[in-house]
Amino acid sequence: RFLKMEEFFPESFRLDLEDERNAFFELCKEGQIWICKPSCSNQGRGIFLLKNPASVNTLQAKLRSPEEHLLNKRVPYKAPKARIVQRYIQQPLLLEGKKFDVRSYLLIACTVPYVLFFAQGYVRLTCVNYDAASDDLTVHLTNQYMQKKNSLYSQLKNETVWRMEHFNSYVNEKFRKTNGLPKDWVFTVFTKRMQQIMVQCFLAAKHKLDRKLGYFDLIGCDFLIDENFKVWLLEMNANPALHTNCQVLRDIIPTVVYESL
């Protein structure tokens, strides 16, 4: 069964497409939080939150239509950069009060025939407790590059990455009974949903690979779980970080690379 987009992907709009851009600015209301991301980037570069009317108005001014530029020919028109705005999930599941997401891997190993592999990855946590109202991006973005900017990172870096086994044990202990979850939810329900979403996304892009004989790629897939244990795909990265700056990553990353090759 194919999932509907709203079942696994936060509501999103492309700002480089005029109809989607206009639809977003009509929809955006005070009290909502949106996250704005550039395409073709990584490590959290260029990401910011839209949390109030002033920030939305500033963004709208930067994305003025070409008609406005034609009125003033001295100002050259530049097409809007490829960006998306995505509805921010304000009630994420927390681990010891901290926001987290899960980096898993999809390996497109071959295109003739198509061969796909799934690999468990790791859990990425923030250094400090979650606060939706915070303006500190290290509260909202979990990747290691962003967490390094937090003053607590040097003393907490080994606590910002968990093995999936640790995550599974934590969910069993803290959430299983109170939320009516099956035992080992992480390695059963959650893993199957990640795989289902990955396959659906692959099938959506499969036609682009038909002429790429010999193509293979390791895709880093980022998932967020909300407080109702709904699984969301945040993004898929064609250039996933392979740094080994803490013990868990030193155990996981070399194995993923070796098995991919």
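The following exercises, each with a worked solution, concern a predicted model.

**Exercise 1.** Determine which residues of helix H1 are buried, and where they lie around the axis.

*Solution.* Step 1: helix H1 comprises residues 18-27, and its buried residues are Arg21, Phe24 and Phe25. Step 2: these residues cover an arc of only 95 degrees around the axis, and therefore they lie on the same side of H1. Step 3: Asp19 and Glu26, on the other side of H1, are exposed.

**Exercise 2.** State the order of the four strands in the open sheet, and identify the strands at the edges.

*Solution.* Step 1: the strands follow the order S1-S4-S2-S3, with antiparallel pairing. Step 2: S1 (12-14) and S3 (48-50) each have a single partner strand, so one side of each has no neighbour in the sheet; these two strands stand at the edges. Step 3: from one strand to the next, the twist averages 25 degrees.

**Exercise 3.** Describe how S1 is joined to S4, and how H1 is placed relative to S1.

*Solution.* Step 1: S1 and S4 (residues 83-87) run antiparallel and are joined by three bridges. Step 2: phenylalanine 13 has valine 85 in S4 as its bridge partner. Step 3: H1 lies across S1, S2 (34-38), S3 and S4, and runs at about 135 degrees to S1.

**Exercise 4.** Decide whether glutamine 200 is buried or exposed.

*Solution.* Step 1: glutamine 200 is located in helix H9 (residues 189-205). Step 2: its relative accessible area is 14%. Step 3: buried means under 20%, so glutamine 200 is buried. Step 4: apart from neighbours within four places in sequence, glutamine 200 is in contact with Phe2, Leu3 and Phe8.

Notes:
Residues are numbered from 1 along each chain as its sequence is written. This is a predicted model: local features need pLDDT of at least 70, side-chain atom pairs count only at pLDDT 80 or more; totals for chains, interfaces and linings use all residues. Side-chain values use heavy atoms; hydrogens and water are left out. Buried means under 20% relative accessible area, exposed over 50%, partly exposed in between (1.4 Å probe, protein chains only). The arc is that of the directions from the helix axis to the C-beta atoms. Two strands pair if DSSP finds at least two bridges between them. Axes are lines fitted to C-alpha atoms, for helices over the stretch in contact, and angles run from 0 to 180 degrees between N-to-C directions. Contact means heavy atoms within 4.5 Å.
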